[in-house]
Amino acid sequence: MRQKKIRFITLTLVIFILAGVMVGCSSKETDEIKDDVQVTGTPEKPDKKELHKINVAYNPGTGNILGFIAIDKGIATEEGIEIELVPFSNSTDALTALQSKKIDVAVSFGTAAPLTYVTNGADFTVFGGYLSGGMPVYAVSDLEYKGLESFVGKKVATARMYTPDIVWRGAMMEAGYDLEKDVTILEFKKPSEVLEAVKSGNADIGIGTNSTYLQSLEAGLKTIAWSNDFWDPVHVCCRPVANTTWINENRDAVKAFLRSYIRAEKVLSEDPEYAVQLNMKYLELDEENARTMLLETNQIFDTDPKSDGVRYMWDRLIDMKYIDPADIDVNDHINIKIYKEALDELTAENPGDSFYKELQEKFINYNSEALN
């Protein structure tokens with residue numbers, strides 16, 4: 001019996017020892033697996049930062065090439081914003097939608113129209129630039145343009161309150177011409193009506209817009225001058241505008257928007273043929289018309305607010321009695337600070353880049369009144 005007890009105790013001890021070794025091996029193996037997972041496993045990715053969406057109104061007749069580039073190149077995404085393009089065929093609908101906060105930014109609707117809305121109670125602020133110049137003046141006959149004197153004695157069709165209308169009238173007045181005596185002005189509501197007046201022979205000359213330029217070529221009209229010839233260098237057209245409160249509440253997004261457009265401007269300057277392809281895509285034009293529209297219309301694309309030009313336009317609107325400014329200070333509706341911050345950041349990030357250096361020089365020239 002004694003021997004049986006000894007065997008039983010010995011066997012029990014052996015079993016416990018073996019079990020301990022097995023548990024130890026199992027525990028060690030589990031630790032090794034855990035260690036292996038920690039070393040070779042893929043760490044969890046942080047949540048992707050949500051983009052700030054900006055609804056941007058534009059005129060599909062004139063396009064928004066800087067916006068097209070910012071979207072297509074992924075620049076806007078890199079800057080942390082999503083640009084949602086919203087087409088409007090006229091400035092009234094676009095700016096009314098802006099005032100009612102249905103959209104965030106209006107890009108390609110001139111300068112005169114937003115300023116007029118300001119005098120009617122809209123709290124809009126111009127905070128950047130898009131397009132200057134590029135408005136055609138066309139005629140049926142082979143009229144040889146010799147300067148503003150060529151308009152004297154002619155029937156001139158123009159779309160009242162559109163930017164080229166202000167530019168042309170302002171230039172005539174500054175040159176000393178009497179618009180009631182020296183020319184016969186035929187006023188229309190739409191640029192397309194100006195085009196039809198010249199095509200039909202009811203007008204000798206039409207003060208056109210870039211949205212009707214291709215149609216004027218198709219109709220066989222001759223471009224005798226460009227709006228750039230009238231106000232240089234203060235001729236501004238399409239200015240990005242937004243509600244002042246929206247700008248103040250979304251300052252980082254506004255700066256990201258401007259950074260995107262400045263970078264897109266650089267792409268346009270370096271690769272205009274790429275931009276032609278984008279106009280084909282977004283405006284649904286064939287290659288010839290896309291190239292003509294973008295590169296052969298004297299259009300100047302830049303993101304600078306050009307506040308000197310905006311003030312000049314404001315003063316001419318007052319001279320023509322198109323607006324009653326009352327006690328409104330136009331300077332309260334122009335913001336050049338955010339653009340300058342965006343440009344300074346890009347300049348610092350790209351030291352030695354001549355493009356940004358040139359933009360810095362232009363900023364001083366285009367905004368001299370504000371800076372002084």
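Reader: Which residue lies over the face of Y366?

Author: This is a predicted model, where local features need pLDDT of at least 70, side-chain atom pairs count only at pLDDT 80 or more, and totals for chains, interfaces and linings use all residues. Residues are numbered from 1 along each chain as its sequence is written, and side-chain values use heavy atoms, with hydrogens and water left out. A charge sits over a ring if NZ of Lys or CZ of Arg is within 6 Å of the ring centre and within 35 degrees of the ring normal. At 4.5 Å from the ring centre of Y366, the residue is K306.

Reader: How far from the ring centre of Y274 is the charged end of K73?

Author: Here the charged end of K73 sits over the ring of Y274. The distance to the ring's centre is 4.7 Å.

Reader: What kind of aromatic pair do Y145 and F151 form?

Author: Rings of Phe, Tyr and Trp (its six-membered ring) pair if their centres lie within 6.5 Å; planes under 30 degrees apart count as stacked, over 60 as edge-to-face and the rest as tilted. For Y145 and F151 it's 6.0 Å centre to centre and 70° between the planes, so the pair is edge-to-face.

Reader: Is F151 buried or exposed?

Author: Buried means under 20% relative accessible area, exposed over 50%, partly exposed in between (1.4 Å probe, protein chains only). Y145 has 23%, so Y145 is partly exposed. F151 has 0% relative accessibility, so F151 is buried.

Reader: Which residues do ring pairs link into a cluster?

Author: F151 also pairs edge-to-face with F230, because their centres are 6.2 Å apart and their planes at 65°. Ring pairs link up a cluster of Y145, F151, W168 and F230.
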